Amino acid sequence: MKSPEKFVYVFGSNRSEGAAAMKNLLGGKGANLAEMCRLGITVPSGFTISTEACTAFTEQGRDAVFELIQGEVLAGVKFLETEMGKSFGDASDPLLLSVRSGARASMPGMMDTILNLGLNDEAVLGLARKTNDARFAWDSYRRFVQMYGDVVMGLKPVSKEDHDPFEVIIDMVKAQKGVKLDTDLDADDLKELVQRFKSLIRARIGRDFPTDPWEQLWGAVWAVFESWNNERACVYRELNDIPASWGTAVNVQVMVFGNLGDSSATGVAFSRDAGTGEDLFNGEFLVNAQGEDVVAGIRTPQQVSLVGSQRWAELALVSEEERQLHYPSLQELMPDIYQQLLHAETTLENHFRDMQDIEFTIQQGKLWMLQTRNGKRTGSAMVRIAMEMLQQGMIDEKTALQRVVPDRLNELLHPIFDPGARKAAVILARGLPASPGAATGQIVFHADEAETWAKAGKDVILVRQETSPEDLRGMSVARGILTARGGMTSHAAVVARGMGKCCVSGAGAVHVDLKARTMSIGEAVYHEGDWISLDGSAGEVYAGQIATKDAELSGDFGKLMALTDKYKRMDIRANADTPDEAMVARNFGATGIGLCRTEHMFFEGARILAVREMILADNEAGRRKALAKLLPMQRGDFEGLFREMHDLPVTIRLLDPPLHEFLPHDEANQRTMAAEMGVSLGKIRMRVEELHEFNPMMGHRGCRLGISYPEITEMQARAVFEAALNVRAAGIHVKTEIMVPLVGTVREFNAQADVIRRTAATVFAERGETLDYLLGSMIETPRGALMADSIARQAEFFSFGTNDLTQMTLGFSRDDAGKFLPEYLKRGIYEHDPFRSIDQKGVGVLVQMAVEKGRSVRPDLEVGVCGEHGGDPVSVAFFDQAGLDYVSCSPYRVPIARLAAAQAAIAS
Ligand code: PEP
Ligand code: MG
């Protein structure tokens, strides 16, 4: 299709050299304009200068590219002259052009559009005569000089605080005339504006505004190419992973005018509702206006369809008479045009088989399409449109699955802010989007107070420097959680996601003063009881109350989920510690629990006392006495989980965190503990001191605890086996898996495996029955991954703890990385937050290697991942490639992981 020397592709009434499939060469806009011509849809004729010309421009410079494309551009303009029966540069009846950029991926706001190119002091008179409308002609010229002066000649505000210099002049002229609106300015005023604009340009830029249309055109083309490397575009590309090598195309088209009187208009329309996904053609337009007027939002736009118009009137509290009089729909106002638009929209949607976002202009009763593209949409619209198009036979199952961006399902699963209420809200601070959803509530600083307030029926937001397992109950009753410290896998973040609770973590600007019970952000101080709101999906903290609304799961969501099961290879399990969480996970389609963090059970009710008694005990006998109290409670916990997850595997992990996490660190709570337990404050203090570690995450935790205190492992193993036998006795099928955390050498694993197997034998002998169970190892230390073959000889399954594996491989603390990671991301030292999306090049290699080594000695080794990465779509695709059997993630991410797993399977 493409010859090596060709850079310009024309499209017009009966010729179109481009096509939709040529997006890489022609950019999205150019390719679709060409495609519309092929479909017989009327677009203003034009030509596209390819992205390759842009690349050549960057590499070889302006002069070389001028040589390359000059002839083709001349031929392109000739083509337009023939199409329109006018000449470029003819002052009596000028051919006017628009110039727009258009990259392969849409990059909103990268470069502004230039309209009305070709006007100068003589041509404006010609245009006035030809249209018999001097005001229109001078307004067109005014807009052109303004846009060109800004975009091409670079006349910008001097500083950020400065106003747009052109707008300042417009305001001055309006003030002189004593009028308020641009539309109150007459032809003479607009003429004065043009003169003043040109003087301003001469004074500030040191050059005259170009009068030669060819000079204008080339200036515009170079400006588009240059804009590809302006700061705004570079930042946008960086954020959206768009390579600089793509380049942008330039689209040159003949002008059509939506501002040529009352039979002209301009608008935007969607083939389906972008908010809800409803299959309803909708959109907005303005009579006698140019595109930028719609965007500027000065006038209230009218609705395209009658239904849309009536719905709008209801919401805007506009009476039916008033609506008909002042805001009639296009369907009522110009029924013929509306039918043509509807026809074009249907053609385009059927052709592209996706919801279309179109721009159109009506010039004196004739419809022109300016653009079409696949429309942006909300998460729920994404699901509905995909499933309805599948039902309508427009797309197949695989396409339907690929149409939904997994992360966008979040919008359906959690409460969101009422969009209207959010607009007016003020952002106080930003942190990490640790757990999605929206929450509004009164500030409390202590977990126990969160409980008291919540019991009294108040909505609270728990604000902490950082959270610890002690805060669990307070977190569970809070509407949302805000922490000043901590990353994406900090305690607050992990627990909040598990609970499906909104959380913003690591909001560095927030200073918490627990004593004064205040939170300060800069100069502003907020007290206990003040209202704030959190957006956990964006990581934003707002002042005051913002109304929220619940997520609604539609039937389409269920259908989409059912479809994922047909295509995905991996199983999706959930990280769940309580029967409630297990129920949520099951409802979302989890087919097992991949991680039960048993320590979370240690904080509930009376058990924390028994845990503390164990920690304070001076010897094994003392510890066993305390553990005996814990046994029935822990057994009860496991029974609940097994019952909830009947028929599905439940993976239980032995105690993992360092023991100091179970003791209070402030004196007041230490005193309470002393009183409750009847021991001296001194003893508690001493134990806290003994347990202090400089680096607790690399300290006495994981299997190291069970090796020092095998009686803890024994109690936990007994609780698991007894619970499993009890539940099985009730006729429920249980599938038990026990795993050992933080293993670095097979000897660690063996030491714990001995205790577990011995305990199993004892329990089975006592009960006179046996039970199948799997005994596996977490792989979460780099050494564990390196030694995977030797560990797999003993362990029956692996579960990658990618949170710790990331922490230890990168040497980044999970809890403190927030201090430098943003800077690292900004400077591109790391491309993504490695705690959110697996570091494929580093940590990922360890995962792949451990899977291979493990399966080399045990081919049927079951392998899963239970770190937070199990719920990240990009990581899920990686794990699919690495051959894992399952991923395990927080219950609310199960649908996301299911979809991501299906997409990964389809892609491979
Ligand atoms: C992990 O390290 O990835 C893991 C799942 O364990 P935790 O987050 O509890 O340390
Ligand atoms: Mg871990």
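Biologist: Is aspartate 804 buried or exposed?

Modeller: In this predicted model, aspartate 804 has 2% relative accessibility, so the residue counts as buried. The cut-off for buried is under 20%.

Biologist: Which residues are the protein donors of the magnesium ion (ligand 2)?

Modeller: The ion takes its protein donors from Glu780 (OE) and Asp804 (OD), at 2.0 to 2.1 Å. Glutamate 780 lies in the loop between β28 (773-779) and α31 (782-786), while aspartate 804 belongs to helix α33 (residues 802-810). The two are 24 residues apart, and the pair links distant parts of the chain.

Biologist: Is glutamate 780 buried or exposed?

Modeller: Glutamate 780 counts as buried because its relative accessibility is 2%.

Biologist: Now the other ligand. How many residues surround ligand 1, and which are the closest?

Modeller: The shell holds 14 residues, with Arg597, Arg653, Gly801, Asn803 and Arg814 the closest. By class, seven are charged, four polar and three nonpolar.

Biologist: Which element gives the most to the shell around ligand 1?

Modeller: That is α33, with three residues. Both α33 and β25 (593-597) supply at least two residues each.

Biologist: Which polar atoms lie by the oxygen atoms of ligand 1?

Modeller: Among them is a polar side-chain atom of arginine 597, 2.7 Å from a ligand 1 oxygen. The backbone contributes too: a polar backbone atom of threonine 802 is 3.0 Å from an oxygen of ligand 1, and a backbone N or O atom of glycine 801 is 3.3 Å from one.

Biologist: How much of ligand 1 does the protein bury?

Modeller: Taken alone, ligand 1 exposes 290 Å², and the protein buries 96% of that.

Conventions. Residues are numbered from 1 along each chain as its sequence is written. Chains are lettered from A and ligands numbered from 1 in the order in which they are written. This is a predicted model: local features need pLDDT of at least 70, side-chain atom pairs count only at pLDDT 80 or more; totals for chains, interfaces and linings use all residues. Side-chain values use heavy atoms; hydrogens and water are left out. Donors are N, O and S atoms within 2.8 Å of the metal (3.2 Å for Na, K and Ca); water is not among the atoms, so sites may look incomplete. Helices (H or I, at least four residues) and strands (E, at least two) are DSSP runs, numbered from the N terminus. Buried means under 20% relative accessible area, exposed over 50%, partly exposed in between (1.4 Å probe, protein chains only). A residue is near a molecule or strand if one of its heavy atoms lies within 4 Å of it. A polar contact is a pair of N or O atoms within 3.5 Å; within protein, one must be able to donate a hydrogen and the other to accept it, and residues adjacent in sequence count only if both atoms are side-chain atoms. Accessible areas come from the Shrake-Rupley method with a 1.4 Å probe; for residues, only the protein chains shown count as cover. Ala, Val, Leu, Ile, Met, Phe, Trp, Tyr, Cys and Pro count as nonpolar, Asp, Glu, Lys and Arg as charged, and the others, Gly among them, as polar.
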